[in-house]
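Hi everyone, thanks for coming. Let me put the structure on the screen, and then we can walk through a few parts of it together.

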Amino acid sequence: MGVFSVAFSPDGRTLATTSHDGGVRLWDADTGRLRRSLPRQIGPGVWVVFSPDGRTLATTSHDGGVRLWDRGTGRLRKSLPGPTGDPFNAVVFSPDSRILALATSGREQTLQLRDADTGRLRKSLPGSFDSVAFTPDSRTLATSGDHTVRLWDADTGRLRTLLSGHTSPVIAMAFSPDGRTLTTSSDDGTVRMWDITVNPRAIHTRRLNDAESMAISQDSRTLATGGRYGTVGLWDTHSGRRQVSLPNAGAAEPALALSPDGRTLAVDNDIHGIGLRNTSTGRLRKSLTTYNSDPPSMAFNQQGNTLATTSPSRGTELWDTSTGRLRTHLGKEGSEGPLAFSPDGRTLAVEGAEGRVRLYDTVTGHLRQSLTDQTAPLVSLAFSSDGRTLAAAGGNSTVVIWHRNGTSSRHRFLRSLAGSAGAVAFSPDGRTLATASTDHQVLLRDTATGGTMAALSGHTDTVTSIAWSRDGRTLTTAGADQTVRVWNAALPAPATALSKICRAIGRDLTTTEQTRYLPDQKAEWNSETGCPPATRD
């Protein structure tokens, strides 16, 4: 007859089997004796599943239907119709045996949540579902059907959370016994563990169209994109709505730069030079008509009255944005790499040869200093808000941070990036550096210690632009995966973080742990942390 699927009852005393002849049989697991044969189904069986309380047996068949049987009597309780021509590919009971989840990823892509006793349909969720799992308390349902995992309220069917990060379909999921951690495995060759007890940092995600080059305004509200055919768009990062479409720039993937106030967009155009456009209307304000060379890297100063450009053929130049005239030529050495103004506009950082960072005085045009600690071609440069710290991300998985004190500088290397470094940006208070890399993550790093305080996962390709909100509580990122994402970047207070740590390990930190991980915090038990005292080293 050929066994198709098998399942043990929760008490381990009964083995249920389905066969190719459509039969369902219950066997004594100790003796191997046949206890009961259930009436045959139409077509061979597909799935056989016991409810956790052991009272109900669910079976499916190739006709798409599901039958609920009383395990004790063998009586058919309910016969449920299934999707036409597509048998359910997942049949899962909730741990409390109240809900039966039936999923299909065929032509009728749905997830049915049914009453396990009566078969009554409680909720039908749209989408493709390959894997399904309940939390131990039966309140949350995890589903996968593509590269993402969705967490649903099992009673209402409301979507709670979207977990993004895998780059190939998720093939298996499992919750920890306490329900606090979800482990997922994927065809991308990775296994990920998710803390589902905290609010996810991703606030929302908006999908873009034909975005090859990108720039985010300093207030993080506006995103400019350049397409592969020269199209330029301006988007609201929170609504995802395209606000303005600009005329074809003439250059594929045009270089872009937004002024700090977000009102002016500089667009490289290989026909008319560099155009300065009003971001509200798209109207051309001014053209740098004398710029007719290879595509530059560009950046506005904080005041918005100067645009810096650098390219291999023209070197580094400063332009007056009100007149469109060349103001200063800083030197013949130019690059295709990044550049950045200090907040006061008096210093311009430019990529030099072999990863060097050249610091120019924008008033005199003189080279002030050449920083040589970064050895790979640069990807991104950023100043802190007080202008005393400069970060340089290179293609060697390293971010170098220079702290300037008068004429001297000291540096720190951040080497723990999994891929090549990408965009970088300081928080408004200068205490946190957001770093992107080719592993698709954005890390929030402590600028004083270099430690990682949070990891933002969700992008499925390299993050190319980063901007903080003015209050430092949210971070906006745009990536080559054609999405713009807004994240909750607020970090917990030290007392809150300490409380969470010692509650998780069931004790306070030892003296050694305290000194290593939280040198500035008190580890004694108190009402703030709620931590029990630990035995000292």
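What you see is a predicted model, in which local features need pLDDT of at least 70 and side-chain atom pairs count only at pLDDT 80 or more, while totals for chains, interfaces and linings use all residues. Residues are numbered from 1 along each chain as its sequence is written, and side-chain values use heavy atoms, with hydrogens and water left out.

Let's begin with charges. A salt bridge here is a side-chain nitrogen of Lys or Arg within 4 Å of a carboxyl oxygen of Asp or Glu. How many salt bridges does the structure hold? There are 13. One of them joins Arg-55 and Asp-53 at 3.8 Å, N to O. Asp-53 is partly exposed at 40% relative accessibility, and Arg-55 is partly exposed too, at 45%. Another pairs Arg-77 with Asp-70 at 3.3 Å; here Asp-70 is buried, with a relative accessible area of 16%.

Now look at Arg-98, whose side chain meets that of Asp-155 in a salt bridge of 3.3 Å, N to O. Arg-98 lies in the loop between β9 and β10, and Asp-155 in the loop between β15 and β16, so this pair ties together parts that are 57 residues apart in sequence.

Next stop, strand β26, residues 264-269. Six of its six residues are buried, so the strand is largely enclosed by the rest of the structure. In a regular strand the side chains alternate between the two faces of the sheet. In β26, Thr-264, Ala-266 and Asp-268 are buried on one side, and Leu-265, Val-267 and Asn-269 on the other. Two strands count as paired if DSSP finds at least two bridges between them. β25 pairs with β26 in the antiparallel sense over three bridges, with Leu-258 as the bridge partner of Leu-265. In the hairpin of these two strands, Gly-262 takes a positive phi near 75°. β26 and β27 also run antiparallel, joined by six bridges.

β27 brings us to Arg-277, which is found in that strand. What does the side chain of Arg-277 reach? The backbone oxygen of Gly-282, at 2.8 Å. Arg-277 is buried yet has no salt bridge, and the nearest side chain of opposite charge, Asp-268, is 12 Å away. For charge, Lys and Arg count as positive and Asp and Glu as negative, with His and the chain ends not counted.

Last, the nonpolar core: a set of buried Ala, Val, Leu, Ile, Met, Phe, Trp, Tyr and Cys residues joined through side-chain atoms within 4.5 Å. The largest one has 14 residues, and those with the most contacts inside it include Leu-444, Ile-466 and Trp-468. Which strand gives the most to this core? That is β45, with three residues.

Conventions. Helices (H or I, at least four residues) and strands (E, at least two) are DSSP runs, numbered from the N terminus. Buried means under 20% relative accessible area, exposed over 50%, partly exposed in between (1.4 Å probe, protein chains only). A polar contact is a pair of N or O atoms within 3.5 Å; within protein, one must be able to donate a hydrogen and the other to accept it, and residues adjacent in sequence count only if both atoms are side-chain atoms.
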